[in-house]
Protein chains: 2
Amino acid sequence: MTIFSYERLYQFTHAVFIKMGCSLEDATIATTVLIAADLRGIDSHGVARLSGYIRLWEAGRINTKPNIKVVYETPSTAVVDGDAGLGLVVAPFAMQVAINKATLVGTGWVSVKNSNHFGIAGVHAQMALKEDMIGMAMTNASALVAPTFSIERMLGTNPIAVAIPANEQPAFVADFATTTAANGKLEILQRKNADTPLGWVQDKEGNESTDANILKKQGALLPLGSDREHGSHKGYALGSIVDIFSGVLSGASYGPWAPPFPAYVPMPENQPGQGLGHFFGAMRVDAFRPAEEFKQHMDNWITRFRSAVPAPGHEKVLIPGDPEREMEALRIREGVPLVDAVEKDLQIIAKNFGIAF
Amino acid sequence: MTIFSYERLYQFTHAVFIKMGCSLEDATIATTVLIAADLRGIDSHGVARLSGYIRLWEAGRINTKPNIKVVYETPSTAVVDGDAGLGLVVAPFAMQVAINKATLVGTGWVSVKNSNHFGIAGVHAQMALKEDMIGMAMTNASALVAPTFSIERMLGTNPIAVAIPANEQPAFVADFATTTAANGKLEILQRKNADTPLGWVQDKEGNESTDANILKKQGALLPLGSDREHGSHKGYALGSIVDIFSGVLSGASYGPWAPPFPAYVPMPENQPGQGLGHFFGAMRVDAFRPAEEFKQHMDNWITRFRSAVPAPGHEKVLIPGDPEREMEALRIREGVPLVDAVEKDLQIIAKNFGIAF
């Protein structure tokens, strides 16, 4: 474990995206989005994924000079074709379209096809905050999740992010996979040679499992709720809604056909659409009530929930976004710790691209 | 347990709403919405609640001659003031506003204040289907749910419904509480004198519990995910989003201030808004791609998921909406079974109102 400053990770990552052929502007956007994950402690979605993006680019599945454009629209909606660009760049483009539409008619809703992995959902949803809008972002992803009553991997971890502005309080920012545990949580346990709790995964026959490596053995992640008795059909429904809004509305691939992130995994045959899909929303809060009034009530909401009686052994009740915001402040100040495997990965990239690290 | 025909329950309920002072049109809407729950097997939200609505009306908290109206709007949004009307009537009004806006600008989003319990969310979301729109409905509710790390009841079971049209396949209709188990599930266990599974509720000190009567002892329902390790912070975030979209956007009450459904529970003091809140959305599918194309891909999505490999011991994988649709077909044909307590409740209502039952 070594600690790297934000600046150092930023400059390195930026140089990599430039070497991959991104424009200066796209490299800046992609780097900012990617490293936001490291800053917030969502280590699985930051520079740890850089080599994965490079392999997709090498395999011809990422176009670093995309012509991203709106291909279909109404006053409050649009479909964006990402032209196989980095999702890290396609997503902010599409979110900006949603924001522009919200400015004009109150809300904007954008479904995206022909994209790739877009980093963390929360960073896109948060683009809306500075405009006094509620932001939403979701995406489908490689199929790793078995629906309730199934042993087949049909859905991605399909995250949902919702960012809601407040006045003096920090914004409410929820950002979560629609599974009991995100894949990144398994990766952490794999490195520690530790087991998962029961209820996170099942083996290829559908039995309970605590094997953090079970996805390599045709096992599956479980939808939020873990099992039917604890509401896994609700997590399955949520993941499905994300898949349909991101994939079916836009014309992207969906369900088990979603393009896998690891470049070595063959593309599923008979693709019903193009690339990965995302879905973004922006709602002007003053499309419902005066913005100051809304934000003051959000302050009231947040302070009331923060002061809810804590359970024994817990100091306080958290508001969605609290842990990530605290981590971000810490890591901007003290740097980002990278595990040895990731550091080694970046060194190999540095060597291959002839960039200092 | 006695079985009642749909027609008989309908006529009785309709007569009750008329006696309460509803217009003929409102009584028809309210009855249709209420009994949709009985037909679908969501028995806790059907005629079993009729006496609860009556008590709220007697307590002056339901206005059966409301002036429901749009009080704020943009091309794609509106706020509806329910004038303390039956949520069963306010909700279809507001959903229709969302649909009308979607017809004009692609999508419509309506937040509602000053309302009451609206029955099952799914029936409102489904209003969008016949227009080839995706429908959404959610509502806040009496605080019975403790956030992760808390012992205080801060949120309702805050359901989310999403209805998505298909072509030859029946529509995708998800409709679920954002808790591990809905309150109605506890009521069923109470009648059977049975325990809940672990992970549904906690006692007033935050300990694990299996007591189906725990809500009467200051215990709480748990957010979807049950505990932090299994993602309860995600269920807490979802319930919070529903509360904010329904309550804070509209100017309704929210969080622990949400008006309680049982009329004997005193209203929380210092109400920050008016009544319960709801939130509705409608998105024209052809605001994203041609409707036929979308619906054919939904057919493909549904048939692919229905044919996912089932886990041992399970016959098939279900699509959200399957169990309720099958139950509805059965109960229209064979009638609705009511437990003795509910039948007795309706007999008392019949006597009080001088209606035949």
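Predicted model: local features only at pLDDT ≥ 70, side-chain atom pairs only at ≥ 80, totals over all residues.
Biologist: Which element of chain A gives the most residues to the side that touches chain B?

Modeller: The contact draws on 66 residues from chain A and 66 residues from chain B. On the side of chain A, at least two residues each come from β2 (69–74), β3 (77–81), β4 (107–115), β6 (160–164), β7 (172–176), α7 (232–248) and α8 (291–306). By class, the residues of this side divide into 39 nonpolar, 21 polar and six charged. With seven residues, the element that gives the most to this side is α8(A).

Biologist: Which strands stand at the edges of the seven-stranded sheet of chain A?

Modeller: The sheet is open, its pairing is mixed, and its strands follow the order β2-β3-β4-β11-β5-β6-β7 in chain A. Neighbouring strands are turned against each other by 10° on average, with direction ignored. Two strands of chain A have a single partner strand each, so one side of each is left without a neighbour in the sheet, and these edge strands are β2 and β7.

Biologist: Within that sheet, which residue is the bridge partner of A:Ala137 in β6(A)?

Modeller: Strand β5 of chain A, which covers residues 133–139, pairs with β6(A) in the antiparallel sense, and four bridges join them. In β6(A), the residue bridged to A:Ala137 is A:Ala161.

Biologist: At what angle to β7(A) does helix α7 of chain B run?

Modeller: Both β6 and β7 of chain A are among the elements that supply at least two residues to the side touching chain B. Helix α7 of chain B, residues 232–248, lies across these two strands, and the angle to β7(A) is about 135°.

Biologist: How many residues of domain 2 of chain A are in contact with domain 1 of chain A?

Modeller: The domain assignment of chain A gives domain 1 as 2–180 + 222–287 and domain 2 as 181–221. Taken over C-alpha atoms, the centres of these two domains of chain A are separated by 23 Å. On the side of domain 1 of chain A that touches domain 2, the residues divide into seven nonpolar, six polar and three charged. The contact joins 16 residues of domain 1 of chain A to residues of domain 2 of chain A, and the latter number 15.

Biologist: How are α3(A) and α10(A) oriented to each other?

Modeller: The axes of helix α3 (residues 50–58) and helix α10 (residues 340–353) of chain A come within 9 Å and cross at roughly 40°. A:Leu50, A:Ser51 and A:Ile54 of α3(A) make this contact with A:Asp345, A:Leu346 and A:Ile349 of α10(A), and by class there are four nonpolar, one polar and one charged residues. Angles under 35 degrees would count as roughly parallel and those of 65 to 115 as roughly perpendicular. α3(A) and α10(A) are therefore oblique.

Methods: Residues numbered from 1 in each chain as written. Chains lettered and ligands numbered in written order. Contact = placed C-beta atoms within 7 Å. Nonpolar A, V, L, I, M, F, W, Y, C, P; charged D, E, K, R; others polar. Pairing = 2+ DSSP bridges. Axes fitted to C-alpha atoms, helices over the stretch in contact; angles between N-to-C directions. Domains from an automatic or database assignment. Parallel < 35°, antiparallel > 145°, perpendicular 65-115°, else oblique.
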